[in-house]
Amino acid sequence: MKTTNIMIVGVGGQGTLLASRILGNAVIGEGYDVKVSEVHGMSQRGGSVVTYVKFGEKVYSPIIGRGEADIVLAFELLEAYRALPFLREGGRIIVNTQAIDPMPVITGAAAYPADIVSRLGAQAAVTAIDALSLAKEAGNSRAVNVVLIGLMAKNTAIPYERWIETLKTTVPPKFLEVNLRAFELGYRYEK
Amino acid sequence: MAKLLIGNAAVAQGAYEAGVRVVSSYPGTPSTEITESIVQYPEVYVEWAPNEKVACEVAVGASMAGARSMTCCKHVGLNVMADPLFTASYIGVNGGMVICVADDPGMHSSQNEQDSRHYAKAAKIAMLEPSDSAECLAFTKAAFALSERFDVPFVIRLSTRVSHSQSLVETGAREAVELKPYEKNVAKNVMMPAMAIKRHVVVEERAKKLAEYAESTELNRVEDNGSRIGVITSGISYMYAREALGDAVNYLKLGMAYPMPEQKIRDFAARCDRVFVIEELDPFIEEHCRALGVEVTGKSAFTMLGEYTPAMIAKAVLGLEGAPSAEAEEPIPVRPPVMCPGCPHRGTFYVLKKLGLTVSGDIGCYTLGAAQPLASVDSTICMGASVSAALGMAKARGPEFNRKLVSVIGDSTFIHSGITGLIDIVYNKGANTVIILDNSITGMTGHQDNPTTGRTIRGEATKQVDLELLCRAVGVEHVVVADPFDVKAFEQVVREEVNRDEPSVIIAQRPCALLKYVKYSGRCVVTDRCKKCRMCMKLGCPAISVKEGAVSINPDLCNGCGLCVNVCPFGAIEKEAEA
């Protein structure tokens with residue numbers, strides 16, 4: 001079996017780490033070998049963050065190179081654009097339509113590219129989703145990560161029940177209800 | 001069932017299973033989670049020490065007293081630990097002792113890219129290097145037993161990708177390891193010349209035994225795929241090579257980074273037409289091979305800089321090109337790390353920038369005070385250097401320069417090694433102004449308690465170092481506590497203290513915005529009184545931006561700290577209650 005490569009990108013503080021943990025735990029529940037590469041430390045402070053989740057029969061390297069990602073799960077538009085070179089031919093980008101200005105844009109030293117969704121669409125298969133609104137609908141704006149996991153779940157071979165079970169064991173009990181709602185909203189999302 | 005653990009948590013599990021009793025560390029990315037993971041085992045005494053030197057000495061003492069002990073740090077922390085380390089090598093161990101050091105190739109969160117393997121050679125101790133979480137657990141467990149067998153501290157060398165990658169591990173039960181008897185042993189434990197001269201003989205004999213062990217141990221493993229190309233590698237580079245090259249080459253995987261085998265390498269190389277050495281950072285294995293007269297290709301085909309990748313290895317060894325990939329049509333703005341919305345340091349740097357001061361910086365979140373638009377930090381060297389380097393600057397350039405000079409240092413970093421610099425200032429008649437950024441926590445590494453927080457690593461209440469009293473006690477007569485968000489008053493305090501021709505300390509007190517108990521009410525909003533003067537833009541708050549000429553505050557990012565309200569000269573920013 002070929003290794004499946006999922007790259008999760010976003011801005012420090014958006015909850016990409018929890019997303020990669022949920023994904024990793026769902027994958028081992030299915031009996032695959034898995035590696036998850038996380039980012040800690042300074043880059044978490046509002047910088048670009050990248051985590052990799054790789055699973056299959058046997059996984060060696062924890063990192064994903066250019067042209068190797070089956071799915072790019074992006075929490076933010078600009079970070080999706082930045083990750084484009086990592087997508088393999090025929091891969092899919094799932095992108096949250098939230099835009100967070102990086103400091104060079106805030107200070108006026110650079111411009112935030114316009115129409116990123118259509119630019120991505122010209123080169124790859126893209127699913128765009130307003131996960132922040134759905135997270136608020138679920139009851140907590142911080143549940144963006146689980147809305148996105150819900151949407152991504154449909155693009156994997158891992159069954160629905162496995163995801164629900166994983167959420168129950170990975171998410172703190174106090175936030176479980178909100179996160180289950182957030183997952184459903186992502187999972188049922190139709191473009 | 002197998003568990004998914006980051007390498008650091010697997011190291012902790014390995015130490016737990018090996019019966020470790022005492023763990024003392026100072027936090028440092030990417031090593032921090034090893035010690036944090038120990039907290040889950042109630043049988044183990046665990047602590048955050050004020051710095052790595054102290055942590056290492058606690059572990060040495062615990063080992064001397066008969067317990068299995070461990071200390072963990074990042075690569076630059078090993079520099080701080082070097083003094084006890086080199087002599088601990090002479091003393092050896094009673095209970096097994098393990099030192100974990102995590103290097104940071106690519107400098108994800110560090111100020112340099114040093115290669116810690118040199119320390120094993122220099123201190124004449126042994127070093128193991130795991131490649132994934134399962135090996136982190138197994139090697140750590142093995143290291144305790146080997147430490148006792150060879151009477152030497154063992155180092156576990158990690159790197160960011162091993163420390164912070166999760167992979168599957170099988171966990172086991174804790175071994176029942178008895179505390180060894182403590183017996184006074186002056187010849188072994190008192191390192192004064194007469195004894196140390198004799199211990200050095202033991203150290204050199206031990207080095208030979210360790211070298212023999214390196215020949216026979218299964219930690220150093222040959223994978224013969226019948227190829228004429230050989231690869232000698234270790235750590236994460238093994239995983240990259242395995243993915244990139246598969247069964248197309250033979251591997252000599254060195255689980256023991258120091259000492260390295262001789263005969264095993266000669267035999268391996270003799271079966272190959274060409275041998276590549278694949279290792280990040282310095283040519284440590286490569287130089288060892290060269291010294292043996294074994295011809296290898298190493299850094300000439302790779303790089304001394306940053307991290308390796310499987311694609312880089314596939315190209316260098318097999319000449320394979322990487323997968324095709326798409327490219328963005330335009331340059332993409334970089335997204336450097338920034339201070340969080342509500343960060344207390346923002347107020348401090350806003351004032352320092354406004355006053356045009358030279359700022360001697362230090363290691364922590366506040367190193368980000370060097371970035372635009374606050375851009376006020378002039379230098380960052382190492383933990384504690386903000387204080388002592390500023391004394392050097394003042395002594396070099398005189399009192400006038402000193403009146404435009406401050407040091408900035410976090411509460412934890414000040415305790416780590418800033419206090420000694422402050423004593424130097426007082427003792428040697430300096431007149432520096434030191435600003436302690438007291439945010440009530442060790443921030444950058446992810447909220448660890450420290451001697452100024454009043455809580456231990458297990459969250460228990462304890463004595464709290466009083467920074468104000470501490471500074472007064474070493475002889476600083478002018479110590480002021482100020483709130484960096486009260487910008488006008490804070491500016492006045494800084495002006496006064498830098499102009500003083502005596503040492504002074506300003507304790508800039510406000511807790512980290514990410515602490516759970518820090519809750520600001522409401523959100524900040526821009527009203528129609530805004531004159532577009534952009535004064536608020538000088539704060540570099542990620543929540544504030546200019547959209548089509550108008551200043552706006554993103555309600556999803558704003559945490560309502562109100563600093564922008566305080567700096568707006570027209571009172572045009574208001575706090576709005578949460579909807």
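How many of the seven residues of strand β5 (residues 97-103) of chain B are buried? I started my notebook with that. I kept in mind that this is a predicted model.

**Entry 1: strand β5**

I went through β5(B) residue by residue. Seven of its seven residues are buried, and the strand is mostly covered. Next I sorted the residues by side. I recalled that side chains in a regular strand alternate between the two faces of the sheet. On one side I found B:Met97, B:Ile99, B:Val101 and B:Asp103. On the other I found B:Val98, B:Cys100 and B:Ala102. Residues on both sides are buried, and I noted both faces of β5(B) as covered.

**Entry 2: the partners of β5**

Which strands pair with β5(B)? I looked up two. One is strand β4 (residues 69-74) of chain B, which runs parallel to β5(B) and is joined to it by six bridges. Here B:Ser69 stands opposite B:Met97. The other is strand β7 (residues 154-159) of chain B. That pairing is also parallel and has six bridges.

Then I followed the chain from β4(B) to β5(B). Helix α4 (residues 75-91) of chain B belongs to the path. Together, β4(B), α4 and β5(B) form a β-α-β unit, and I wrote down its hand as right-handed.

**Entry 3: B:Trp48**

I moved on to B:Trp48, which sits in strand β3 (residues 45-48) of chain B. Is B:Trp48 buried or exposed? I counted 23 other C-beta atoms within 10 Å of B:Trp48, so this residue is buried. The cut-off for buried is 20 or more.

What does B:Trp48 touch, apart from neighbours within four places in sequence? I listed B:Ser25, B:Tyr26 and B:Pro27 among its contacts. I also listed B:Gln448, B:Asp449, B:Asn450 and B:Ile457. I checked B:Tyr26 further. B:Tyr26 and B:Trp48 are 22 residues apart in sequence, but their C-alpha atoms are 5.5 Å apart in space.

**Entry 4: the whole of chain B**

Last, I stepped back. Chain B has 20 helices and 23 strands.

I took down two percentages. Of the 579 residues, 54% count as buried. Among contacts with a separation of 6 or more, 76% join residues 24 or more positions apart.

How values were computed
Residues numbered from 1 in each chain as written. Chains lettered and ligands numbered in written order. Predicted model: local features only at pLDDT ≥ 70, side-chain atom pairs only at ≥ 80, totals over all residues. Buried ≥ 20, exposed ≤ 12 C-beta atoms within 10 Å, placed from the backbone. Helix = DSSP H or I, 4+ residues; strand = E, 2+ residues; numbered from the N terminus. Pairing = 2+ DSSP bridges. Right-handed = clockwise from strand over helix to strand, strands pointing away. Contact = placed C-beta atoms within 7 Å.
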